[in-house]
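Here is my note on the model, point by point. Please read it with the structure open.

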Amino acid sequence: MVFWVFGYGSLVWNPGFEYDEKVMGYIKDYRRVFDVACIDHRGTPEHPARTCSLEYQKGAICWGAAYSVRGGPEREKLAMEYLERRECEYDLKTLVNFYKEGDFSGSEPSVTGVIVFTSTRDKESNKYYLGPAPLEDMARQIATAFGPCGNNRDYLFRLEKAMFDIGHEDDYVIELANEVRKVLGIVGKGIPKEKKLAGPPHLPLKSHIPALQLHPLPEAIAMDS
């Protein structure tokens with residue numbers, strides 16, 4: 001028996017459980033949307049964060065990471081219990097076909113029966129479903145929400161970077177991240193590239209302005225979402 005789960009949000013860069021194999025690839029007919037409220041990781045009940053779920057869209061492709069857990073029912077149980085606690089805002093487990101990176105024929109899936117956590121898209125039956133909103137409104141919410149795991153904007157920026165790192169950027173994620181940067185007043189767009197200061201190497205850089213003391217956010221000790 002092999003247990004497979006597909007991650008399309010923070011699971012891409014932070015699985016948080018023991019696994020035997022990580023495979024990059026995609027699922028068909030789903031796209032990311034930021035319509036799920038997170039009230040215990042990167043938001044609070046008073047000021048919920050927005051995290052991504054999946055929306056059915058014929059012909060769409062969603063890239064992410066699939067994880068396998070081998071070793072018997074006990075290991076599978078431990079992984080599932082962890083994921084159910086972590087993904088508590090997601091009330092559905094959907095079985096999907098997974099296609100490995102490099103298999104562009106798409107005729108036959110690499111793995112079938114892969115579990116993916118999704119959310120019921122109905123506010124009456126799902127208290128965590130926020131529904132769609134104008135891009136500007138979502139950006140303001142994401143720019144300001146904060147919870148035990150850190151702020152909501154870092155979740156979005158890390159997802160943007162994770163997709164950049166695997167070479168399959170998500171246009172919607174990029175658009176939303178750039179709108180959040182506008183709210184925050186961050187100059188420039190996209191993932192910042194490293195820059196080197198030009199000038200004679202023997203001249204030290206000095207300033208008479210006292211250094212700004214930036215206090216880092218506490219390391220996340222709760223499970224991410």
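1. **Where α3 meets α4.** This is a predicted model. In it, Arg153, Leu156, Phe157, Leu159 and Glu160 of α3 meet a set of α4 residues: Val173, Ile174, Leu176, Ala177, Val180, Arg181 and Leu184. Sorted by class, the contact of α3 with α4 has nine nonpolar residues, no polar ones and three charged ones.

2. **Geometry of that pair.** The angle between α3 and α4 is about 140°, and their axes are 10 Å apart. Angles over 145 degrees would count as roughly antiparallel. The pair is therefore oblique. The crossing of α3 and α4 is left-handed.

3. **α2 against α4.** Helix α2 covers residues 135-144, and helix α4 covers residues 171-184. Their axes lie 8 Å apart, at an angle of about 65°. α2 and α4 are therefore roughly perpendicular. Their crossing is right-handed. On the α2 side, the contact is made by Leu135, Glu136, Met138, Ala139, Arg140, Ile142 and Ala143. On the α4 side, the residues are Tyr172, Glu175, Leu176, Glu179, Val180, Val183 and Leu184. The class count for α2 with α4 is 10 nonpolar, no polar and four charged residues.

4. **α2 against α3.** Helix α3 spans residues 152-165. The axes of α2 and α3 come within 5 Å of each other and cross at roughly 110°. These two helices are therefore roughly perpendicular as well. Gln141, Ile142 and Ala143 of α2 make the contact with Asn152, Arg153 and Leu156 of α3. Three of the residues in the contact of α2 with α3 are nonpolar, two are polar and one is charged.

5. **Asparagine 152.** Setting aside neighbours within four places in sequence, asparagine 152 is in contact with Arg42, Ala49, Arg50, Gln141, Ile142 and Ala145.

6. **Proline 48.** Look next at the loop between β2 and β3, where proline 48 lies. Strand β3 covers 49-70. Proline 48 and alanine 145 are 97 residues apart along the chain, yet their C-alpha atoms are separated by 6.4 Å. Beyond neighbours within four places in sequence, proline 48 is in contact with Ala37, Cys38, Ile39, Gly43, Gln141 and Ala145. Gln141 and Ala145 are also contacts of asparagine 152.

7. **Aspartate 29.** Please check the backbone here. Most residues other than glycine have a negative phi. Aspartate 29 has a positive phi of about 70°, although it is not a glycine. Its place is in strand β2, residues 21-38. Aspartate 29 has a relative accessible area of 19%. The cut-off for buried is under 20%, so aspartate 29 counts as buried.

8. **Cysteines.** How many disulfides does the model have? The count is zero. A pair of cysteine sulfur atoms must be within 2.5 Å to qualify. For cysteine 52, the closest cysteine sulfur is that of cysteine 62, at 7.6 Å, which is too far for a bond. For cysteine 88, the closest is that of cysteine 38, at 7.4 Å, and this too is too far for a bond.

9. **Exposure of two cysteines.** Cysteine 52 is buried, with a relative accessible area of 1%. Cysteine 88 is partly exposed, with a relative accessible area of 34%.

10. **The whole chain.** The protein has four helices and seven strands. From the N terminus, the order of elements is β-β-β-α-β-β-α-β-β-α-α. Of its 225 residues, 45% count as buried. Among contacts with a separation of 6 or more, 75% join residues 24 or more positions apart. The contact between proline 48 and Ala145 is one to look at with that figure in mind.

Key
Residues numbered from 1 in each chain as written. Predicted model: local features only at pLDDT ≥ 70, side-chain atom pairs only at ≥ 80, totals over all residues. Heavy atoms only, no water. Buried < 20%, exposed > 50% of the residue type's maximum accessible area, 1.4 Å probe, protein only. Axes fitted to C-alpha atoms, helices over the stretch in contact; angles between N-to-C directions. Parallel < 35°, antiparallel > 145°, perpendicular 65-115°, else oblique. Left-handed = near helix turned anticlockwise from the far one by under 90°. Contact = heavy atoms within 4.5 Å. Nonpolar A, V, L, I, M, F, W, Y, C, P; charged D, E, K, R; others polar.
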